[in-house]
Amino acid sequence: DAATEFEFVAMATENESVVRCFPATGRTHQIRVHLLHLGFPIANDSCYGGELRQDCTLPLIPHVRQE
């Protein structure tokens with residue numbers, strides 16, 4: 001089984017937070033899957049439930065197409 005530990009870092013906005021992720025097993029995309037499963041998708045990651053926004057301060061996940 002894949003396992004990832006998360007550490008709360010700070011609140012970014014009223015509805016968003018910054019977390020540090022430590023994947024213990026598996027591949028790095030498991031972070032995205034685990035956060036989605038927990039109900040906290042990554043901002044600007046529309047492939048895994050995040051809201052795609054026109055915000056130049058947010059990085060775009062490399063393989064996500066901007067529509």
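Residues are numbered from 1 along each chain as its sequence is written, and side-chain values use heavy atoms, with hydrogens and water left out. Because the model is predicted, local features need pLDDT of at least 70 and side-chain atom pairs count only at pLDDT 80 or more, while totals for chains, interfaces and linings use all residues.

Visitor: Hello! How many salt bridges does the structure hold?

Guide: Welcome! A salt bridge here is a side-chain nitrogen of Lys or Arg within 4 Å of a carboxyl oxygen of Asp or Glu. By that rule, the number of salt bridges in the structure is 2.

Visitor: Which residue does Arg-20 meet in a salt bridge?

Guide: Arg-20 sits in strand β2 (residues 17–23), and its partner, 13 residues apart, sits in strand β1 (residues 4–11); strands are DSSP runs of E, at least two residues, and helices are runs of H or I, at least four, numbered from the N terminus. The N to O distance is 3.3 Å, and the partner is Glu-7.

Visitor: Is Glu-7 buried, partly exposed or exposed?

Guide: Buried means under 20% relative accessible area and exposed over 50%, with partly exposed in between (1.4 Å probe, protein chains only). Arg-20 has 42% and is partly exposed. Glu-7, at 35% relative accessibility, is likewise partly exposed.

Visitor: And what distance separates the closest N and O atoms of Arg-32 and Asp-45?

Guide: Both Arg-32 and Asp-45 are buried. They form a salt bridge, with the closest N and O atoms apart by 2.6 Å. Arg-32 lies in helix α1 (residues 29–37) and Asp-45 in the segment after α1, so the pair ties together parts of the chain whose separation in sequence is 13 residues.

Visitor: Which backbone oxygen does the side chain of Gln-30 reach?

Guide: Gln-30 is found in helix α1 and is buried, with a relative accessible area of 5%. Not counting residues up to four places away in sequence, Gln-30 touches Ala-2, Ala-3, Thr-4, Pro-23, Ala-24 and Thr-25, where contact means heavy atoms within 4.5 Å. At 2.6 Å, its side chain reaches the backbone oxygen of Thr-25.

Visitor: What covers the buried residues of α1?

Guide: Those buried residues are Gln-30, Ile-31, Arg-32 and Leu-35. Their cover includes strands β1 and β2.

Visitor: Which residue just after α1 takes a positive phi?

Guide: The phi angle there is about 90°. The residue is Gly-39.

Terms used: Polar contact = N/O pair within 3.5 Å; in protein donor to acceptor, adjacent residues only side chain to side chain.
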